[in-house]
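Have it open while you read.

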Amino acid sequence: RAVAAPVKLNTKRSEEIFKEAQELLPGGVNSPVRAFRSVGGGPIVFDRVKGAYCWDVDNNKYIDYVGSWGPAIVGHCNDEVNAALKAQIDKGTSFGAPCELENVLAKMVIERVPSVEMVRFVSSGTEACLSVLRLMRAYTGREKIIKFTGCYHGHADSFLVKAGSGVITLGLPDSPGVPKSTAASTLTATYNNLDSVKELFAANKGEIAGLILEPVVGNSGFIVPTKEFLQGLREICTAEGAVLVFDEVMTGFRISKGCAQEHFGITPDLTTMGKVIGGGMPVGAYGGKKEIMKMVAPAGPMYQAGTLSGNPMAMTAGIKTLEILGRPGAYEHLEKVTKRLIDGIIAAAREHGHEITGGNISGMFGFFFCKGPVHCFEDALAADTAKFARFHRAMLEEGVYLAPSQFEAGFTSLAHSEADIDATIAAARRVFARI
Ligand code: PLP
């Protein structure tokens, strides 16, 4: 510990509020990772956000690289999005009936995302993924699905399965309450490893409905696919009559204007979306080829519905967000600031002798405290999570808010300036000297 921490963070109000929350909400939160359990030290309770920044209830200001876990891509509390939402409030927040805004957002999505010819809006990424699960099965008449270890597709029973070595073809549930019979239909392969996929198809001939993946992983840290891997999955699924699903809840409209599928030039059969598409309001969506989407009720027999689906507030925030992202230079800005950030963090870590590996695509980034390379969740397990916890807390003290886990990606926004990035790198350099 050559250099002392700059200032002890005053988190008095955060601690009081979180203490009370623990009596009211399970674990004090409404989504587990917010509780900071994997980094310790207790969560920061937010008061307000604007642009690239967030403020906690003790009035500490942070440069934010979580961005509400992805939606805040045009910057928090964006003036244009706010103005559109304020205008919509006076016309009503929920109709439960068709509105033209649904067509407007649907057209924007269909125009941008190569695989999407028709889309259904829902209210979360989880809902999008569980609907797509039903659709894969309805369309193929098969029950088994393949996912990859370390990929997250929301909390539907069938996806809460990761399967370590020895249970790779069995499927064991990660959570109590998931029926063994449900988990058994979920087969788990290794990311960036085509052989592991081929083996599952060979052992379950004619039984696999489809395969779902994060086309760039963000839920076991940031892991990039090889082009050959995505291309191979496309070919295998086509040959086996299985549906290829890209879960673009995180990558959608973040990796590029046409999502990860456009970036890599590989077109899946179905795509799930969320986060960015709702511009900070609760939204999810799934879409794909008309031939498959016409299975969905009331066009077809596969039932799926939602009281708040396509609600005018969510559509309005999504439309304005995609409109802003469609302006010239948006993705160039995301790439520029994010590359500068990750290059700077990696260089600062190495200057102080820390092992690190990482990267970015557009406004999504991540790093692991290990030598690397990291091609799959199994590789990511080599990361020094205790060091990450120390880094995370020290960065908070420096006024930088990072995702509270080594196994989460980070996000930038159009509001992050080069000055924000340079301030973050300078903070990281001070922190690497003392952790
Ligand atoms: N799929 C992916 C790739 C995600 O990253 C997430 C959430 O982080 C989900 C699905 C679930 O989305 P939601 O949290 O909106 O239910």
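Which residue in strand 12 is the bridge partner of Ile361? Look at point 2 for that one.

1. A caveat before the details: this is a predicted model, where local features need pLDDT of at least 70 and side-chain atom pairs count only at pLDDT 80 or more, while totals for chains, interfaces and linings use all residues. Residues are numbered from 1 along each chain as its sequence is written.

2. The bridge partner of Ile361 is Met364, in strand 12. Strands here are DSSP runs of E, at least two residues, numbered from the N terminus. Strand 12 (residues 364-368) pairs with strand 11 in the antiparallel sense over five bridges; two strands count as paired if DSSP finds at least two bridges between them.

3. Zooming out, three strands make an open antiparallel sheet, in the order 11-12-14.

4. Now the largest nonpolar core: 131 residues, with Leu211 and Ala285 having the most contacts inside it. Domain 1 (12-64 + 329-434) and domain 2 (81-325) both contribute residues, so this core lies between them. The domain bounds come from an automatic or database assignment. A nonpolar core means buried Ala, Val, Leu, Ile, Met, Phe, Trp, Tyr and Cys residues joined through C-beta atoms within 7 Å.

5. Ala209 sits in strand 7 (residues 208-213). Ala209 counts as buried because it has 24 C-beta neighbours inside 10 Å, the cut-off being 20 or more other C-beta atoms within 10 Å, with C-beta atoms placed from the backbone.

How values were computed: A residue is buried if 20 or more other C-beta atoms lie within 10 Å of its own, exposed if 12 or fewer, and partly exposed in between; C-beta atoms are placed from the backbone. Helices (H or I, at least four residues) and strands (E, at least two) are DSSP runs, numbered from the N terminus.
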